[in-house]
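Please read the following briefing alongside the sequence and the coordinates, which are shown directly below. The points are grouped by topic.

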Amino acid sequence: PFLVRMDTHQLLTMQDLTSSGNAETFVVWNDRSGSPVGYRAERGYEQEGVEPALVGAFPITLANGKVVECRPAFALLKELAAQHAPERSEKITWVAASAVRQAARMFATEQPSCYFSWVGLEQHTEAMQINRAVNCFYALTGQFDQRGSNVLFASTPTNLVMGFGLLPQEQAARRLGAVERPLGPAVNPGLVQAYEVYRAILTERPYPVKALVAFASDPLLSNGDPLQGKAALEALDFYVHVDMFCNPSAALADLLLPACTCWEREALMPSFQTAEDTATWVQLRPRVIPPLHESRSDLEILFDLATRLGVGEHFFHGDIEAAFNYQLAPSGLTVQQLREHPMGMRVEAQTRYQKYAEIDPQIGQSQGFQTPTRKIEIYSTTFAKAGYDPLPTPQEPMKSPASDADATQEYPLVLTFFRLVQFCDTQHRNIPRLRRPVPEPFLEIHPQTATAVGITDGEWIVVETATGRVRLKAKFKDALHPQVVATPYGWWQGCRELGLPGYNPFGPEGANANLLISNTAIDPISGSVPHRSQKCRVRKEDVIA
């Protein structure tokens with residue numbers, strides 16, 4: 001309900017109204033009194049019985065005597081949504097307006113409903129604002145933290161073991177990408193994107209990266225622009241890779257260490273965050289057999305390396321069981337207890353619903369939400385401070401059919417990615433039972449689209465973007481929109497038992513679909529790479545472009 005100044009598009013604060021006012025005290029229009037009222041997150045409203053206006057326009061006299069029009073943030077969101085009626089979105093997304101209306105009404109009325117997102121919305125150049133828009137819609141349906149909807153379950157109490165506090169703040173601020181994207185993953189939770197590492201290795205800006213230790217990963221098959229990534233890994237002074245298989249990224253390492261499988265090591269799971277009754281279930285998975293040959297667990301390698309580097313005190317002097325016990329301490333459980341109960345043990349904790357509505361005894365008002373204002377922030381104060389649009393303003397994806405008509409003529413299709421359930425990302429294509437149903441890499445394409453360029457079902461074709469090309473098998477799928485094609489990524493392994501070959505991860509005759517993805521056009525807030533919205537074209541393999 002906070003008022004937004006129409007002259008500056010900033011939130012109105014008490015500092016605007018009086019010379020002694022606080023810049024962190026925001027203002028609402030009280031319909032009951034017909035006047036502005038201040039609000040502080042730690043104190044609530046400055047008056048009792050406030051009825052904040054959600055719509056309307058209100059003339060407010062500032063401390064300097066100037067009168068400005070102010071409007072509630074909710075009203076601005078309402079206007080913003082009205083500008084993007086389903087008839088307009090239909091032209092951009094190709095989803096029928098009637099279907100959009102039906103979905104929205106069903107979600108809001110057939111309660112409980114829940115919202116889950118992972119890579120579907122995140123892999124676009126406008127990923128952050130898309131997610132904010134969906135979250136605002138979800139929040140306004142009033143379902144958050146209610147049974148059957150998105151709930152903050154009570155979970156096993158544990159000590160944090162990630163060690164985020166060990167890195168000095170000035171050093172944490174140097175994480176690659178933190179300056180360019182202050183709300184991106186480099187700042188919170190502290191993860192650096194692959195393309196930032198590639199760039200720093202190759203350009204030595206903002207500082208040189210000379211060494212890398214990688215565990216259980218294959219960045220060249222999992223991220224865009226693998227050719228740049230390959231050049232970066234080859235340019236390192238020292239590269240150590242720990243894995244069960246020598247994948248294309250591991251093959252470039254100076255030192256390849258064999259990792260044991262999950263069946264050869266203990267592992268602790270303090271909480272299974274999938275449901276209310278599993279969030280308080282604790283398991284210690286025993287190892288089935290000792291590690292074979294010279295393989296070791298990731299944790300053993302990490303703990304020993306830390307000890308050799310002189311920081312063993314932060315790694316429990318190399319004692320993994322001591323680390324598990326420290327993590328478990330708030331729960332009252334120990335590793336020994338869990339070994340005696342191999343199926344697991346439950347911690348007593350009761351999930352409460354609508355926790356935001358519980359009264360905070362210090363202010364006598366509801367607890368609110370985990371935002372700077374304790375409100376559902378339609379107008380994000382965090383975005384505003386970082387210089388981003390505080391409202392979830394939609395933007396057309398970079399290089400989309402609607403935003404780049406010229407390029408669309410050359411690359412008329414939109415490429416998206418998906419996962420096959422039997423494979424874990426880039427793994428498991430060497431296992432006969434899993435590979436047999438999907439012997440070759442393929443591209444799903446609408447029969448009408450394929451026929452228009454002379455492609456038949458099951459033939460090898462070439463898929464091209466402005467960045468690169470790969471070779472895939474055509475697989476007809478009527479359910480696709482005629483302008484959309486889709487492929488699962490991660491192809492490189494052969495399957496010896498089935499006589500199926502591997503694929504060159506770095507050449508156009510291969511099937512590494514990330515060769516089609518550039519890291520240049522990214523979401524300016526989160527840095528997300530648009531794996532789900534690449535413009536492409538397809539052609540028969542025997543046609544020379």
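The buried residues of helix α10 are Ile301, Phe303 and Ala306, where buried means under 20% relative accessible area, exposed means over 50% and partly exposed lies in between, with a 1.4 Å probe and protein chains only. What covers these buried residues includes β7, β8, β9 and α11 (320-328), and contact here means heavy atoms within 4.5 Å. Helices (H or I, at least four residues) and strands (E, at least two) are DSSP runs numbered from the N terminus.

This is a predicted model, in which local features need pLDDT of at least 70 and side-chain atom pairs count only at pLDDT 80 or more, while totals for chains, interfaces and linings use all residues. Residues are numbered from 1 along each chain as its sequence is written, and side-chain values use heavy atoms, with hydrogens and water left out.

- Helix α10, which spans residues 298-308, lies across β7, β8 and β9 and runs at about 150° to β7; axes are lines fitted to C-alpha atoms, for helices over the stretch in contact, and angles run from 0 to 180 degrees between N-to-C directions.
- After α10 comes Gly310, whose phi is positive, near 85°.
- The three strands form an open sheet in the order β7-β8-β9 with parallel pairing, two strands being paired if DSSP finds at least two bridges between them.
- Because β7 (211-215) and β9 (255-258) stand at the edges with a single partner strand each, one side of each is left without a neighbour in the sheet.
- From one strand to the next, the twist of this sheet averages 10°.
- Strand β8 (residues 238-243) is joined to β9 by four bridges, and the two run parallel; within β8 and β9, Val240 stands opposite Leu255.

**Packing of α7 against α9**

- Two packed helices are described by the angle between their axes and the distance between the axes.
- For helix α7 (residues 194-203) and helix α9 (residues 226-235), the axes come within 9 Å and cross at roughly 50°.
- The two helices α7 and α9 are therefore oblique to each other, given that angles under 35 degrees count as roughly parallel, over 145 as roughly antiparallel, 65 to 115 as roughly perpendicular and the rest as oblique.
- The crossing of α7 and α9 is left-handed, a term used if the near helix is turned anticlockwise from the far one by less than a right angle.
- On the α7 side the contact is made by Tyr198, Ile201 and Leu202, which meet Gln228, Gly229, Ala231, Ala232 and Ala235 of α9.
- By class, this contact of α7 with α9 has six nonpolar, two polar and no charged residues, with Ala, Val, Leu, Ile, Met, Phe, Trp, Tyr, Cys and Pro counted as nonpolar, Asp, Glu, Lys and Arg as charged, and the others, Gly among them, as polar.

**Strand β20 and its partners**

- Strand β20 (residues 534-540) is mostly covered, since five of its seven residues are buried.- Strand β15 (residues 413-418) runs antiparallel to β20 and is joined to it by three bridges, and the bridge partner of Leu413 in β20 is Cys536.
- Strand β17 (residues 460-464) also pairs with β20 in the antiparallel sense, over four bridges, and Val463 has Val538 of β20 as its bridge partner.

**Val484 and its surroundings**

- Val484 has its place in strand β19 (residues 484-488) and is buried, with a relative accessible area of 18%.
- Leaving aside neighbours within four places in sequence, Val484 is in contact with Trp94, Val414, Thr416 and Glu444.
- Val484 and Gly38 are 446 residues apart in sequence and 50 Å apart in space, C-alpha to C-alpha.

**Backbone features in loops**

- A cis peptide bond, with omega about 15°, joins Asn188 and Pro189, and Pro189 lies in the loop between α6 (169-172) and α7.
- Arg205 and Pro206 are likewise joined by a cis peptide bond, with omega about 5°, and Pro206 is placed in the loop between α7 and β7.
- His317 is not a glycine but has a positive phi of about 50°; His317 is found in the loop between α10 and α11 and counts as exposed at 63% relative accessibility.
- Gln354, also a residue other than glycine, has a positive phi near 50°; Gln354 lies in the loop between β12 (345-346) and β13 (359-360) and is partly exposed, with a relative accessible area of 33%.
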